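Dear colleague,

I am passing on to you the structure that we talked about, and I would be glad if you looked through it before reading my notes. The notes follow below it.

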Amino acid sequence: MDDIDPFERSDALAQAIITVVAHPLFDDSDRLVVSDLLCSLALEHAHSTRLLLSQGLLPSALVVHRAQFEAVVRAMWTLYAASDGQVEKLATELTVDSEQGAKNLPSLSLMMEALAKKAPANAYTPLHDFKTNNWPALNSYAHAGIHPVVRHLEGYPVPLILGVLGNCNGMMVVTTMQSAVLTGIPNLQRQVLDVAALFEDVLGPEKVIV
């Protein structure tokens, strides 16, 4: 496996699991449509993170990786915990007023608290574990804290780059698991996991980013 490009493997994983969940939504309700859009956004962030990592741009990759995680959280929150009124704020036309209304949505921490109560355990647990292990470092990278400053000076170790790549891929699997739910197709999540099992060499665990 040493001579296999981990970025090529990651791209292959992305293509494979996205193909699995390429089905219409169960219905066209705002709740499902918004959740699906957020999943799509998270997958776009995952692609961008991989591209940035492949170019050695670790600090920028981690800023996008943080956005990837937040999009996944919001996708699940929209499906399992948001009120109808909160969903409506995300499903409306973009205007100055709707922008202001969306600012009043819960913070990520509050969304996580709501998911802990309302989401299935297998959906919430990977989000909780990822946030516990990585959130302080991701915030540091997003706000030009000590992590990016020191790494920018000293360089980016290969194990760190590969660890972030594994985290990105793992969160991508979580995202497609959510996408599978939105189709309403029985056992589609199992198909996602079966495909992901073929790419264990480029998946987490969700390690602390340092």
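How many aromatic pairs does a search of the whole structure find? The search finds two aromatic pairs, where rings of Phe, Tyr and Trp (its six-membered ring) pair if their centres lie within 6.5 Å, and where planes under 30 degrees apart count as stacked, over 60 as edge-to-face and the rest as tilted. The ring centres of Phe 69 and Trp 135 are 5.8 Å apart and their planes stand at 55°, so this pair is tilted. The pair joins distant parts of the chain, since Phe 69 sits in helix 3 (residues 58–80) and Trp 135 in helix 7 (residues 121–142), 66 residues apart. Ring pairs also link Phe 69, Phe 130 and Trp 135 into a cluster.

Before going further, please keep in mind that this is a predicted model, in which local features need pLDDT of at least 70 and side-chain atom pairs count only at pLDDT 80 or more, while totals for chains, interfaces and linings use all residues. Residues are numbered from 1 along each chain as its sequence is written, and side-chain values use heavy atoms, with hydrogens and water left out.

Phe 69 is buried, with a relative accessible area of 0%, and Trp 135 is buried as well, with 14%; buried means under 20% relative accessible area, exposed over 50%, and partly exposed in between (1.4 Å probe, protein chains only). Buried residues make up 45% of the 210 residues in the chain.

As for the overall fold, the chain has 10 helices and zero strands, these being DSSP runs (H or I of at least four residues for helices, E of at least two for strands) numbered from the N terminus. Along its principal axes, the C-alpha trace spans about 50 × 35 × 30 Å. Among contacts (heavy atoms within 4.5 Å) between residues at least 6 apart in sequence, 78% join residues at least 24 apart.

Leaving aside residues up to four places away in sequence, Val 173 touches Ile 17, Val 192, Ala 196 and Leu 203.
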